[in-house]
Amino acid sequence: MQIKSSRSDIIWNYIGIIMSMASNFLLLPFLIKFVDSEMLGLWYVYLSIGGIVILFDFGFNPTLARNVAYCWSGAKELNAEGVGQTQGSEPNFDLLKRVISTCKAIYLVISAAALLVLLSIGTAYIHHVSKDLFGETVIASWLIYAVAVFLNLYYGYFATFLRGVGAVSIYNKINVFARLIQIIVSIGMLLLGYGIIAVSLAYLLYGFLLRAFSKRAFYRYKGIGERLKSIPGKTSVDEIKRLFRIVWHNAWKDGLVAVANYCANQASTLIASMFLSLTETGLYSISVQLITAIATISAGLYTAYQPAMQSAYANHNRNESTRLMSLAMITYSFLFWAGTIALITVGIPILKWVKPENTYNIAVILGIAVYNFFYKRQSYYASFISNTNHVPYAKAYVLSSIAGVVLSIIMVHFMKMGVWGLIIGQFLPQLVYNVWKWPREVYKILETTWAKLVAVGMKFLKAKIGRRKTA
């Protein structure tokens, strides 16, 4: 069954992304107002540590999403690399059942290991960076956050499965509902004076609701639950091991990429917390969060199209792949810079009004924006390559991220460049190779050029606008 991205999928994907980002934007003034600067900096340290632990997923999430899409597109069997033949227009439910069983076994081990690390090494690090703050509030908020990360890892694959079968609008409706609850609980508890505990508890509630409703929706989607029940027998341990070996072939590479992405983004907050004050760390992290939000919203069309891209590749439809990628990247570029301009002209003045003593450096924000634009752009091109079930960019990503961390530490600690050291230190290694390499590889796969790719998207957009005018 070839997956098609409907207008509803695209609209709800944007609504879901905007809601996710809006939760950060809406909560930020309340966090700034009701949480003191050091505690706010500590909250961003929580998020960074949580980001490290989520790396325990080690590439299984995107790899399984691809393989679920292949099952739904009718693949006869999974391959370690590339995509095999399809068996027709019907999904392969037998194969899907075996993939789900394998996934459950993998994530039980992953989530248990992650919780252990959070409660041991994570707690020790939190104590180290918050010596003057450490007490009941910090302990309680940290334990709640640790449980939230555990649950998100353990049940998170159901959200991935929904996207894998193309149920993008359903997933985003659930996401919007869970985010609304998170916002309401966060603001209510902040107003009641619960501080950092409020956002930890609301994050736990959000994750629980998202995963519980995603599981229910997945089994109800197009009769998946009934079809899976009709398949006799349980997946054997040997079959789980066999599928694990197939999935692991690319999962470890996706995992290295996830680690590299973390080092290129979230690690800067940990570096800042080591060499700068918690207040400076908080202000820098807010700037990064705002630009990251803009980048995520800007890539909404790519996210909505990804299941369709994976399905188009499985069905050897190059023209459809080219059209989808062109539209996604044109939209990303336009929305990113429009959003950045809006942030500088409208968003920052609002944040200054909420808390005048906080100083936001516009030049630094623009520097973060330039770095993020090119880094995210190359990431989406690399992600397109992964749709082919090949991950050739893993080594380059790892080397660039290691170089970025080392350069950042040198520039911040030894050269005393402050936050500019974080930005320049991360950006330089990416410019050397990744920024130009992976877009060029996509052009080869699609047998096109950058100019032709843009032309395809612009031609389609003009035709669509023309049809609406005559309607």
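A helix here is a DSSP run of type H or I with at least four residues, and helices are numbered from the N terminus. The structure is a predicted model. Two packed helices are described by the angle between their axes and the distance between the axes.

**Helix α3**

- Helix α3 covers residues 60-72, which amounts to 13 residues.
- From its first C-alpha to its last, α3 reaches 18 Å, close to the 18 Å expected at 1.5 Å a residue.
- Most of α3 is covered, since 11 of its 13 residues are buried, meaning under 20% relative accessible area.
- The buried residues of α3 include Phe60, Leu64, Arg66, Tyr70, Cys71 and Trp72.
- These buried residues pack against several helices, among them α4 (93-129), α10 (237-264) and α13 (300-314).
- Glycine 74 follows α3, and its phi is positive, near 95 degrees.

**Packing of α3 with α6**

- The axes of α3 and α6 cross at roughly 40 degrees and come within 8 Å.
- That angle makes α3 oblique to α6.
- The crossing of these two helices is right-handed.
- On the α3 side, the contact is made by Asn61, Ala65, Val68 and Ala69; on the α6 side, by Thr160, Phe161, Arg163 and Gly164.
- By class, the residues of the contact of α3 with α6 are four nonpolar, three polar and one charged.

**Packing of α15 with α17**

- Helix α15 (residues 362-386) packs with helix α17 (residues 419-432) at an angle of about 25 degrees, and their axes are 10 Å apart.
- Angles under 35 degrees count as roughly parallel, so α15 is roughly parallel to α17.
- The crossing in which α15 passes α17 is left-handed.
- Helix α15 contributes residues including Ala363, Gly367, Tyr371, Phe374 and Gln378 to the contact, while α17 contributes residues including Trp420, Ile423, Phe427 and Gln430.
- The contact of α15 with α17 has 11 nonpolar and four polar residues, with no charged residues.

**Alanine 295**

- Alanine 295 lies in helix α12, which spans residues 278-298.
- This alanine counts as buried because its relative accessibility is 1%, and the cut-off for buried is under 20%.
- Leaving aside residues up to four places away in sequence, alanine 295 touches Tyr332, Phe336, Lys376 and Tyr380.
- Tyrosine 305 is 10 residues from alanine 295 along the chain, and the C-alpha atoms of the two are separated by 16 Å.

Technical notes
Residues numbered from 1 in each chain as written. Predicted model: local features only at pLDDT ≥ 70, side-chain atom pairs only at ≥ 80, totals over all residues. Heavy atoms only, no water. Axes fitted to C-alpha atoms, helices over the stretch in contact; angles between N-to-C directions. Parallel < 35°, antiparallel > 145°, perpendicular 65-115°, else oblique. Left-handed = near helix turned anticlockwise from the far one by under 90°. Contact = heavy atoms within 4.5 Å. Nonpolar A, V, L, I, M, F, W, Y, C, P; charged D, E, K, R; others polar. Expected span 1.5 Å × (residues − 1). Buried < 20%, exposed > 50% of the residue type's maximum accessible area, 1.4 Å probe, protein only.
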